[in-house]
Amino acid sequence: MFLCLQDLFQRIQNHSKKTQYFTPTAFVAKVKKENELFRSSMHQDAHEFLMFILSSISEDIEADIKKYQKELEDSMPRSITNGMHSSSSNHSVANGSIGASSDEVSITLVGGDEVRLKVSGADINTVASTSGGSTHANSHGGESIEDRSSIQSDNTLSKPKEKVWVQKLFEGQLTNEIKCLTCEKTTNRAESFMDLSLDIEQNSSVTSCLRQFSASEMLCHKDKFYCDECCGLQEAEKRMKIQVLPNILSLHLKRFKYQEALQKYVKLSYRVSFPMELRLFNTADDMEDPDRIYDLNAFVVHVGSGPHHGHYVAVVKHTDRWLLFDDETVETIDELDIHKYFGDSSQLGSGYVLFYQARDLDMSNIISMQWAQQQLQQQSFAMRTPPTGLNGVGP
């Protein structure tokens, strides 16, 4: 899925004509193949599509990282032995280097960890492995079981040590606070989120929706909470607070609601205003930087009167301009006209999914992970196929 989407964006980026557009045939075919929900010709939900794409991309990247890390782990001893057994002592291999005085190899792994290996004949001895600022040294010749454990455990070759860039951009963390009203003990449970789904009311705002999202809820009668301290069911107070703020805050306005009287879903075209600048107040007391400021960067609009038919358009901020994307048509709109998409009009549509970007977002932290993945791929390939300059031939 990730490679298919990447190919589509590369085609868009590399196009030569200003008015050229692309039909995402291959991408749509891939989506239908991966998820049967999107195989029919029925009207699909943009929020469900967004969550599916983000989840699929994360899984694809994590699978690739694990694959390359496994290849690196499996091929490292054999490749170093084959590639450097007869090499001179001052060559460099991939992201590692051979020391000037001996056949010592320094390999930097994902996350900044470093492993230094000494090659002597057919033996590979661990000189030291550095992880998280600490160094583990081997003072005797030959690789011991403790040395292998140090490399595999401290440097964690078998799984990613960092979040992938999709998670770094969109993922935040909620804390579910439940306070027993009998013993007043508070229980906290952390939950990760990629977006927040907000209930809406007529003539409301995103700020009021967020306030309602974190409002206290009483757990009583048949919904009583089992308190470990009291060893029984007790009345309790429940609240949801944001513990970790995401770099990009995605807000889903729940405009489609099931009505019992009609026995079907209906669209709520309520007017819900969303600000250009947003500061969240429903945060945990002990969180870092609770005053983080977000700027509206894009939003998806649903045009139509019901959930089973209609049309989606996107409004995106590019530099200082706002652009309206409607299939193959792209036009600029005035920032003063954004209020027309707050709702209450089936012709212009209603804001459905909002994207707020943190004003202090540091993209270097996101790019570093992408760079590390490329480093890992290049390192794995280079170690499986040493340069001919080392011994004249491949492994």
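Two residues are said to be in contact when heavy atoms of theirs lie within 4.5 Å. The structure described here is a predicted model, in which local features need a pLDDT of at least 70 and side-chain atom pairs count only at pLDDT 80 or more, whereas totals for chains, interfaces and linings use all residues. Residues are numbered from 1 along each chain as its sequence is written, and side-chain values use heavy atoms, with hydrogens and water left out.

The pLDDT, which is the predictor's confidence in each residue on a scale from 0 to 100, has a mean of 76 over the protein chain, and 70% of the residues reach 70 or more. Over residues 83-103 the pLDDT is below 50, and this stretch has 51 contacts in the model beyond near neighbours in sequence. The pLDDT likewise stays under 50 over residues 379-395, for which the model has 34 contacts beyond four places in sequence.

Helices (H or I, at least four residues) and strands (E, at least two) are DSSP runs, numbered from the N terminus, and two strands pair if DSSP finds at least two bridges between them. An open sheet of four strands, with antiparallel pairing, has the order β8-β7-β14-β11. At its edges stand β8 (186-193) and β11 (217-219), and each has a single partner strand, so one side of each is left without a neighbour in the sheet. Neighbouring strands of this sheet are turned by 30 degrees against each other on average, direction ignored, where the axes are lines fitted to C-alpha atoms and angles run from 0 to 180 degrees between N-to-C directions. Strand β7 (residues 172-180) is joined to β8 by eight bridges, and Asn-176 has Arg-189 in β8 as its bridge partner.

An antiparallel pair is also formed by strand β22 (residues 321-326) and strand β23 (residues 329-333), over five bridges. Trp-322 has Ile-333 in β23 as its bridge partner, and in this hairpin, which has two residues between the strands, Asp-327 takes a positive phi near 55 degrees.

His-252 belongs to strand β15 (residues 248-253) and is buried, with a relative accessible area of 9%; buried means under 20% relative accessible area, computed with a 1.4 Å probe on protein chains only. Apart from neighbours within four places in sequence, His-252 is in contact with His-47, Asp-195, Leu-196, Ser-197, Leu-198 and Tyr-352. The side chains of His-252 and Tyr-352 are joined by a polar contact of 3.2 Å, that is, a pair of N or O atoms within 3.5 Å, of which, within protein, one must be able to donate a hydrogen and the other to accept it.

Conventions
Buried means under 20% relative accessible area, exposed over 50%, partly exposed in between (1.4 Å probe, protein chains only).
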